[in-house]
Amino acid sequence: NSCSDCEAECSMGDVNGDLSVDVLDIVQIVASIINGEIDFEIACSDINADGSVDILDIVQIVDLIFGGRLNDANSANISIGKDALLLSSNGYIGGIQMTLTHSDDFSIELTKDALVADYNTDDNTTTLIVVNPETANLFTATGFFTIDEVLASSDGNSYLNVEMNMPTAYTISDAYPNPFNPSTAIDIALDT
């Protein structure tokens with residue numbers, strides 16, 4: 001399906017059919033993705049014509065609205081600080097889409113410094129999208145979580161390679177001076 005097949009129903013990016021491409025369309029696409037229910041003609045929002053709607057299409061619609069950006073990022077890095085997930089890059093990030101798996105006691109608060117930031121939790125899986133983030137702090141969270149998938153784009157044409165700056169190896173020392181003293185210490189070393 002290409003948008004030329006649906007011109008009578010919508011124009012490219014106008015998913016709500018109000019004859020305008022604006023933030024209302026972006027919000028509707030974000031809500032549909034995170035809820036797993038595309039409730040509009042897919043061709044209206046599939047800007048890159050790959051047969052699916054994701055962060056690439058959202059970033060291209062943002063570019064339609066605001067014009068192209070300078071200094072697009074070509075790499076990004078995710079790290080976890082104290083209860084926060086941080087995104088750093090070497091330029092502009094148009095949007096990021098993530099899937100997290102987490103414990104029952106998990107809670108999340110997305111940044112308010114973005115064009116659109118929304119999430120949906122279904123059992124122990126959360127899907128989130130942050131469009132045009134303005135700060136490095138994408139969200140704060142409590143509870144244990146793992147990152148299953150990260151899709152990020154600066155230009156809407158391709159996905160960025162996102163490095164995860166998280167420990168992959170660790171060592172734990174023996175307890176010293178010995179575990180039967182009134183006080184004991186254990187050293188933990190992380191590779192990152």
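Reader: Where is Asn132 found?

Author: This is a predicted model, numbered from 1 along each chain as its sequence is written, in which local features need pLDDT of at least 70, side-chain atom pairs count only at pLDDT 80 or more, and totals for chains, interfaces and linings use all residues. Side-chain values use heavy atoms, without hydrogens or water. Helices (H or I, at least four residues) and strands (E, at least two) are DSSP runs numbered from the N terminus. On that numbering, Asn132 is found in the loop between β6 and β7 (137–142).

Reader: Is Asn132 buried or exposed?

Author: Asn132 is not a glycine, yet has a positive phi of about 55°. Buried means under 20% relative accessible area, exposed over 50%, partly exposed in between (1.4 Å probe, protein chains only). The relative accessibility of Asn132 is 14%, so the residue counts as buried.

Reader: What is the relative accessible area of Ala49?

Author: Ala49 is another non-glycine residue with a positive phi, about 55°. Its place is in the loop between α1 and α2. Ala49 is exposed, with a relative accessible area of 59%.

Reader: Which elements do the buried residues of α1 pack against?

Author: Helix α1 covers residues 23–35. Its buried residues are Asp25, Ile26, Ile29, Val30, Ser32, Ile33 and Ile34. Taking contact as heavy atoms within 4.5 Å, these residues pack against α2 (55–66), β3 (95–102), β5 (116–122) and β6 (125–131).

Reader: Which residue follows α1?

Author: The phi of the residue after α1 is positive, near 70°. That residue is Gly36.

Reader: Which residues does Gln60 touch, beyond those up to four places away in sequence?

Author: Gln60 lies in helix α2. It counts as buried, because its relative accessibility is 13%. With residues up to four places away left out, Gln60 touches Ile47, Asn48, Asp155, Gly156 and Asn157.

Reader: Which residues form the aromatic cluster?

Author: Rings of Phe, Tyr and Trp (its six-membered ring) pair if their centres lie within 6.5 Å; planes under 30 degrees apart are stacked, over 60 edge-to-face, the rest tilted. The count comes to two aromatic pairs. The rings of Phe106 and Phe145 have centres 5.7 Å apart and planes at 65°, so this pair is edge-to-face. One aromatic cluster is formed by Phe106, Phe139 and Phe145.

Reader: How many residues apart in sequence are the parts tied together by Phe106 and Phe145?

Author: Phe106 is buried at 11% relative accessible area, and Phe145 counts as buried at 15%. Phe106 lies in the loop between β3 and β4 (107–110), Phe145 in strand β8 (residues 145–153), so the pair ties together parts whose separation in sequence is 39 residues.

Methods: Expected span 1.5 Å × (residues − 1).
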